[in-house]
Amino acid sequence: MNAPLRKVAISVLVLFTLLILNANYIQVVRSSELRDNPRNTRILAEEYDRERGSIVVDGNLVAESVETDDTLTYLRQYPQSELYSTVTGAYSLVYGNTGLERAENEILSGSDARLTFRRLADLFTGRDPAGGNIELTLDPAAQQAAVTGLDGVDGAVVALDPQTGAVLAMVSSPGYDPAQLSSHDPEAIRAYSASLDQLDPDPRVNTTIAERYSPGSVFKLITSAAALEDGYTPDTVVPAPQQYTLPGTSRPLNNFGGEACSGTGEQPLIDALTISCNTAFAQLGVELGEDRIRETAESFGLDTGGFEMPLAVAESTVGDIEGDAQLAVASIGQQNVQITPLQGAMIAAAIANDGDLMQPYLVDQVQAPDLTVIDQTEPEVLSEAVSSDVASQLQEMMVSVVKNGSGRRAQIDGVTVGGKTGTAQTTADGDDNQWFVGFAGPDGDPSIAVAVFVQGGQGTGGDLSAPVAQQVMSAYLAGQGGN
């Protein structure tokens with residue numbers, strides 16, 4: 001063989017070898033990744049020939065597949081439209097799956113290992129294959145109240161059962177209609193998606209778990225917990241000057257509206273939380289030290305990594321702190337402190353549950369197509385955020401906030417309500433983010449914890465977020481016979 005032919009042969013051999021290696025890499029190494037890719041419409045098309053399982057809330061179908069006369073056998077429908085879009089996500093021929101449609105795709109599509117015997121039985125009996133169902137923990141009344149309360153504003157609501165971690169409400173506003181992303185008309189799907197692209201925030205993003213915000217004075221609960229764990233009591237008198245000069249700087253820190261917290265420049269810790277005194281908590285955080293603040297924040301779930309419930313939850317964080325000046329500002333929930341709305345509800349829930357922070361979960365049970373329960377979620381303690389004694393003291397202080405302070409608009413007749421408001425400055429013109437986190441229950445026994453976040457509102461957390469929390473908690477308690 002002459003030299004030119006030898007070179008051509010070697011080149012062809014090398015290219016053929018690379019082709020074989022690439023095919024094996026794609027088929028073996030990347031097969032699962034490519035199959036699970038939400039843009040893999042070929043797999044989706046195959047799934048349309050199988051009846052997809054339902055997503056159920058309190059016995060009602062919030063996502064279901066119905067048989068059609070189209071080329072694609074089944075159409076995904078969402079009878080409640082926007083009400084549950086935050087959690088269900090969409091099952092889209094063009095854009096793939098999002099939300100629970102993606103997180104629980106294996107059980108819904110029928111490919112889950114727990115349905116293996118069912119699939120084998122289908123082969124022998126000739127029965128049409130079908131996906132399993134998932135029953136959610138959501139409470140319809142609380143969910144509806146959250147959607148109604150956020151109507152017309154950008155924000156989020158999360159409600160938890162503090163004793164179990166079950167998610168009772170999860171709403172990100174504005175919402176969207178997942179059915180318009182799940183039709184059989186690709187052109188219509190793309191048009192609707194394009195209209196959502198024009199909105200800010202994007203309604204398809206679940207801001208309750210995917211976005212983080214400065215918590216403002218909500219973080220004073222963490223600072224209070226750190227102080228109580230360090231030996232303070234609600235009656236311990238702390239410095240509360242009208243103005244506090246940040247350590248190592250000439251920069252003054254003021255209270256809301258430049259007001260004085262106390263005529264004497266000091267006040268009991270419970271009073272400082274009740275009126276949300278910035279200078280008191282900034283100075284207190286410096287006295288406690290960064291290590292104490294961080295340790296307490298971590299016990300409540302910050303800086304411990306993200307998790308799944310089964311939706312992926314972004315990590316909440318205290319952020320970097322460089323020196324006491326930044327520590328002072330972080331101690332009142334500014335600087336680099338960033339939390340998800342879910343984290344805000346987790347803080348309130350841990351306090352309401354005598355200090356035990358429960359693992360949040362959204363799926364109560366998984367069912368086979370014949371409704372046989374094949375998996376039931378069991379409540380799990382995530383951490384001991386604080387001792388039961390400290391939790392009791394924090395409950396007392398949060399009740400004072402609602403009874404006597406900035407959280408009055410969260411009051412419910414005949415029900416013990418505790419909470420903390422927060423106003424986090426994001427722009428110089430006062431267009432701030434507003435928070436309320438709290439709990440409620442009859443006879444002092446909290447049965448719901450909630451976080452309400454309103455983005456870019458004119459006012460305070462007490463003005464905008466507390467009333468929404470009141471509606472959500474009232475709706476839930478009414479359904480439980482507690483109000």
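Predicted model: local features only at pLDDT ≥ 70, side-chain atom pairs only at ≥ 80, totals over all residues.
**Entry 1**

I began with the strand order. I found an open sheet of 5 strands that reads β8-β7-β21-β20-β19, and the pairing is antiparallel. Next I asked myself which strands stand at the edges. They are β8 (167-173) and β19 (416-424); each has a single partner strand, so one side of each has no neighbour in the sheet. I also looked up the twist, which averages 10° from one strand to the next.

A reminder to myself from class: strands of a sheet pair through backbone hydrogen bonds, and they can do this in a parallel or an antiparallel way.

**Entry 1: walking through the pairs**

I started at the β8 end. β7 (residues 155-160) pairs with β8 in the antiparallel sense, over 6 bridges.

Then I went to the β19 end. β19 and β20 run antiparallel and are joined by 9 bridges. Here I picked Val417, whose bridge partner in β20 is Ala440.

Moving on, I saw that β20 and β21 are also antiparallel partners, with 8 bridges. Phe439 has Ala449 of β21 opposite it. These two strands, β20 and β21, form a hairpin, and 6 residues lie between them. In the turn I noted Asp443, which has a positive phi of about 55°.

Which strands does α16 touch? Helix α16 (residues 341-352) packs on the sheet and touches β7, β20 (432-441) and β21 (448-457). The direction of α16 makes about 145° with that of β21.

I then turned to α18, which packs on the sheet as well and touches β7, β8, β19, β20 and β21. For α18 too, I noted an angle of about 145° with the direction of β21.

**Entry 2: α8 against α18**

α18 (residues 461-479) has a helix partner too: its axis and that of α8 (residues 140-149) come within 8 Å and cross at roughly 160°. The two helices α8 and α18 are therefore roughly antiparallel to each other. The crossing of α8 and α18 is right-handed.

I listed who makes the contact. From α8 there are Ala141, Ala142, Ala145, Ala146 and Gly149, and from α18 there are Val468, Gln471, Val472, Ala475 and Tyr476. Sorted by class, this contact of α8 with α18 has 8 nonpolar and 2 polar residues, and no charged ones.

**Entry 3: α11 against α14**

The axes of α11 (residues 220-229) and α14 (residues 290-299) come within 9 Å and cross at roughly 110°. α11 and α14 are therefore roughly perpendicular to each other. This crossing of α11 and α14 is right-handed.

The residues in contact are Ile222, Thr223, Ala225, Ala226 and Glu229 on α11, with Arg292, Ile293, Thr296 and Ala297 on α14. By class, I noted 5 nonpolar, 2 polar and 2 charged residues where α11 meets α14.

**Entry 4: a loop residue**

Last, I checked Gln334, which sits in the loop between α15 (324-330) and α16. Is Gln334 buried or exposed? Its relative accessibility is 18%, so Gln334 counts as buried, the cut-off being under 20%. Apart from neighbours within four places in sequence, Gln334 is in contact with Ser214, Gly216, Val329, Thr423, Ala424 and Gln425.

Technical notes: Residues numbered from 1 in each chain as written. Heavy atoms only, no water. Axes fitted to C-alpha atoms, helices over the stretch in contact; angles between N-to-C directions. Helix = DSSP H or I, 4+ residues; strand = E, 2+ residues; numbered from the N terminus. Parallel < 35°, antiparallel > 145°, perpendicular 65-115°, else oblique. Left-handed = near helix turned anticlockwise from the far one by under 90°. Contact = heavy atoms within 4.5 Å. Nonpolar A, V, L, I, M, F, W, Y, C, P; charged D, E, K, R; others polar. Pairing = 2+ DSSP bridges. Buried < 20%, exposed > 50% of the residue type's maximum accessible area, 1.4 Å probe, protein only.
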